[in-house]
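Here is a short report on one protein chain. Please keep the sequence and the structure in view while reading.

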Amino acid sequence: RWHEQAWPAPGPAVPAERAYERGCLLLRQHQRAAGPWLEAAARAGHGRAAYLLGLLHLGASYLNGLDRAGVPRGRWFQRSYKRAGHWLEMAAPGLVEADMALYRLHRLPRFGLRDRARGEACLLRAAAAGHPEARFL
């Protein structure tokens, strides 16, 4: 694969923004290769990478588990509300969208770590930051 030869493995020598860009480039065609790049960027403090990982683990992605020929394949991003909560919590301090996603996550009946008060706090933070949907909920 071209990306394995062109780029080294993600690590501390790669800046967070560069790891995020590489993860996004790989996301559509090579999910298994995109995951480590996005995780490296999120762990380095990149808020958008953490937000994207949270959405992917929520299952809210356009990636439907099919390759270009329409053949089902294994998905690297399995639906996991606990992982989604972890990544969204990392992204929430800097992103209003992450606060709204956390609010929605805490309202899901199947989320085992659901906390209504925590979800309401996320909604209030998003409304205070000017999120258009949060202001009317």
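## What covers α6

The buried residues of helix α6 have a cover that includes α4, α5 (81-91) and α7 (116-128). This is a predicted model. Eight of the eleven residues of α6 are buried, so the helix is largely enclosed by the rest of the structure.

Which residues of α6 are buried? They are A98, D99, M100, A101, L102, Y103, L105 and H106.

## The α4–α6 pair

Helix α4 spans residues 47-58, and helix α6 spans residues 96-106. The two pack at an angle of about 25°. Their axes are 10 Å apart. Angles under 35 degrees count as roughly parallel. α4 and α6 are therefore roughly parallel to each other. The crossing of α4 past α6 is left-handed.

Which residues make the contact between α4 and α6? From α4 come R48, Y51 and L58. From α6 come E97, A98, A101 and L105. By class, the residues of this contact are five nonpolar, no polar and two charged. Of the α6 residues in this contact, A98, A101 and L105 are also buried.

## D99, a buried position in α6

D99 lies in helix α6. Is D99 buried or exposed? Its relative accessibility is 5%. Buried means under 20%, so D99 counts as buried.

What does D99 touch beyond its neighbours within four places in sequence? Its contacts there are A92, C122, R125 and A126. Helix α7 covers residues 116-128 and is among the elements that cover the buried residues of α6.

## The chain as a whole

The protein chain has seven helices and zero strands. From the N terminus on, its elements run α-α-α-α-α-α-α. The chain holds 137 residues, and buried residues make up 40% of them.

How much of the contact set joins residues 24 or more positions apart? Among contacts with a separation of 6 or more, such pairs account for 53%. The chain exposes about 8100 Å². Carbon and sulfur atoms supply 53% of that area.

## In brief

Helix α6 is largely enclosed, because eight of its eleven residues are buried. α4 is one of the elements that cover its buried residues, and α4 runs roughly parallel to α6. D99 is one of the buried residues of α6, and its contacts include C122 and R125.

Definitions and conventions: Residues numbered from 1 in each chain as written. Predicted model: local features only at pLDDT ≥ 70, side-chain atom pairs only at ≥ 80, totals over all residues. Heavy atoms only, no water. Helix = DSSP H or I, 4+ residues; strand = E, 2+ residues; numbered from the N terminus. Buried < 20%, exposed > 50% of the residue type's maximum accessible area, 1.4 Å probe, protein only. Contact = heavy atoms within 4.5 Å. Areas by Shrake-Rupley, 256 points an atom, 1.4 Å probe, with all protein chains shown as cover. Axes fitted to C-alpha atoms, helices over the stretch in contact; angles between N-to-C directions. Parallel < 35°, antiparallel > 145°, perpendicular 65-115°, else oblique. Left-handed = near helix turned anticlockwise from the far one by under 90°. Nonpolar A, V, L, I, M, F, W, Y, C, P; charged D, E, K, R; others polar.
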